[in-house]
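Dear colleague,

I am handing over the structure below, and I would be glad if you could look through it with the notes that follow at hand.

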Amino acid sequence: MSNWIFVNVRYAIKPGKRNEFLEKLSNQGIIKNSKSEPGNIKYEYSIPIDSENDLVLTEMWINSEALESHGKSEHYQRLQVLKKEYTTDVTIEKFSISAI
C-alpha cells in the first residue's frame, strides 16, 4: 500500500478568458508534459457547471516526491506565468490517500 497525493486546484479566471487560458495550456505543452511526468497518475482540467469563469484541475501523483519534481519542471514554470496573466484567485486542496 502506498500514499498517493491528490490535488484539487480551482482557478478563478478573468471574465471571458477561460477558453484562451485552456488553449494556451494546451499549446504550450503544459497539459501533455505534466501527464507524461514520472509518477503522474492523473492530470485533468474540467469546467465546473456552477461558474462561467472557473476551471478545475485534478491531479494525482504516486508520492510527494513526484509532485515536488513536477513543481520544479520547466512547464510548471510556464503555468505560473499563465496563472499571473489569466487568474484572479487560485484555491488548492491537497490530500494524501491510501492506494490499495
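In what follows, a residue is called buried when its relative accessible area is under 20%, and exposed when that area is over 50%. Please keep in mind throughout that this is a predicted model.

With that cut-off, the buried residues of helix 3, which runs over residues 64-71, include Ala-66, Leu-67 and His-70. Around the helix axis these three cover an arc of only 100 degrees, which puts them on the same side of helix 3. As background, an α-helix has 3.6 residues a turn, so residues three or four places apart point the same way. The N-terminal end of helix 3 is capped by Asn-63, which has a side-chain oxygen 3.2 Å from the backbone nitrogen of Glu-65.

His-70, which belongs to helix 3, counts as buried because its relative accessibility is 3%, under the 20% cut-off. If neighbours within four places in sequence are set aside, His-70 is in contact with Ser-34, Glu-37, Tyr-43, Glu-59, Trp-61, His-75 and Tyr-76. The backbone oxygen of His-70 is also reached, at 2.8 Å, by the side chain of Ser-73, a residue of the loop between helix 3 and helix 4. Ser-73 is itself buried, with a relative accessible area of 12%.

Turning to helix 1, which spans residues 18-27, the buried residues are Arg-18, Phe-21 and Leu-25. Seen down the axis of helix 1, these residues fall within an arc of 65 degrees, so they line one face of the helix. The face turned away from that buried side carries Asn-19 and Asn-27, both of which are exposed. As for what the buried residues of helix 1 pack against, the partners are strand 1 (2-13), helix 2 (30-35), strand 2 (40-46), strand 3 (54-61) and helix 4 (74-86). Just after helix 1, Gly-29 takes a positive phi of about 75 degrees.

Within helix 1, Leu-25 has a relative accessibility of 0% and therefore counts as buried. Not counting residues up to four places away in sequence, Leu-25 touches Ile-30, Ile-31, Tyr-45, Leu-55, Leu-79 and Leu-82. Leu-25 and Lys-42, by contrast, are 17 residues apart in sequence and lie 16 Å apart in space, taken from C-alpha to C-alpha.

Leaving aside neighbours within four places in sequence, Ser-51 is in contact with Arg-10 and Arg-18. Ser-51 is buried, with a relative accessible area of 18%, and a polar atom of its side chain lies 3.1 Å from the backbone nitrogen of Asn-53. The C-alpha atoms of Ser-51 and Ala-12 are separated by 9.1 Å, although the two residues are 39 residues apart along the chain.

Strand 1 holds Ile-5, which is buried with a relative accessible area of 10%. Apart from residues up to four places away in sequence, Ile-5 touches Glu-59, Met-60, Trp-61, Asn-63, Ser-64, Leu-67, Lys-94, Phe-95 and Ser-96. The C-alpha atoms of Ile-5 and Ser-98, which are 93 residues apart along the chain, are separated by 8.9 Å.

Finally, which parts of the chain supply the lining of the largest pocket? About 210 Å³ of space lies in this pocket, and of the 15 residues that line it, the closest to its centre are Val-7, Glu-59, Leu-67, Tyr-76 and Ile-92. Strand 1, strand 3, helix 3, helix 4 and strand 4 (87-99) each supply at least two residues of the lining, and helix 4 gives the most, with 4 residues. By type, the lining divides into 9 nonpolar, 3 polar and 3 charged residues. Two of the residues closest to the pocket centre, Glu-59 and Tyr-76, are also among the contacts of His-70, while Leu-67, likewise close to that centre, is one of the buried residues of helix 3.

With best wishes

Methods
Residues numbered from 1 in each chain as written. Predicted model: local features only at pLDDT ≥ 70, side-chain atom pairs only at ≥ 80, totals over all residues. Heavy atoms only, no water. Buried < 20%, exposed > 50% of the residue type's maximum accessible area, 1.4 Å probe, protein only. Arc of directions from axis to C-beta. Contact = heavy atoms within 4.5 Å. 1 Å grid on protein atoms, 1.4 Å probe; cavity = no way out; pocket = protein on both sides within 12 Å on 5 of 7 lines; lining within 4 Å. Points joined across faces, edges and corners; volume = space filled by probe spheres on them. Nonpolar A, V, L, I, M, F, W, Y, C, P; charged D, E, K, R; others polar. Polar contact = N/O pair within 3.5 Å; in protein donor to acceptor, adjacent residues only side chain to side chain.
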